[in-house]
Amino acid sequence: DNACKYSDDKKAKVQIDFNDTAVIANVTDWGIGIPEEELEHIFKPLYRAYNVSGKSGHGIGLTIVKRVADLHHARVFIRSELNVGTTVTVSIPSIHK
């Protein structure tokens, strides 16, 4: 939802891949981006970056992503550049039996 909401064209690209150790999901948008100095706070509940004024939201989306990822021992990475876009990557460890 965030990726589409913050993209000017309201579109996002979702890629799912895997390797021997993990399933990797990438969600990429071409929107407003997240300021570098805000990235360290982005998983805090109710936190919204300064550049999202005028966009609806409550600051819980990435908090939920992080909490679900933690429950599954997954890792979440964010790459972002202002006015270029953002990629959120979730790496979920594979379970080998």
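Let's start with a pair of charged side chains: those of Asp-70 and Lys-66 meet in a salt bridge at 2.8 Å, N to O. A salt bridge here is a side-chain nitrogen of Lys or Arg within 4 Å of a carboxyl oxygen of Asp or Glu. Side chains of opposite charge can pair when their charged atoms come close. Asp-70 and Lys-66 both sit in helix α2 (residues 61–71), 4 residues apart, or about one turn of the helix. Helices (H or I, at least four residues) and strands (E, at least two) are DSSP runs, numbered from the N terminus.

This is a predicted model, in which local features need pLDDT of at least 70 and side-chain atom pairs count only at pLDDT 80 or more, while totals for chains, interfaces and linings use all residues. Residues are numbered from 1 along each chain as its sequence is written, and side-chain values use heavy atoms, leaving out hydrogens and water.

The structure holds 2 salt bridges. Lys-5 and Asp-1 also meet in one, at 3.9 Å, N to O. Lys-5 is buried, with a relative accessible area of 18%, whereas Asp-1 is exposed at 74%. Buried means under 20% relative accessible area, exposed over 50%, and partly exposed in between (1.4 Å probe, protein chains only).

Now look at strand β4 (residues 85–93), where 7 of the 9 residues are buried. Strand β2 (residues 22–31) runs antiparallel to β4, joined by 8 bridges; two strands pair if DSSP finds at least two bridges between them. Ala-25 has Val-90 in β4 as its bridge partner. Strand β3 (residues 75–81) is also antiparallel to β4, with 7 bridges, and Ser-80 stands opposite Thr-86 in β4.
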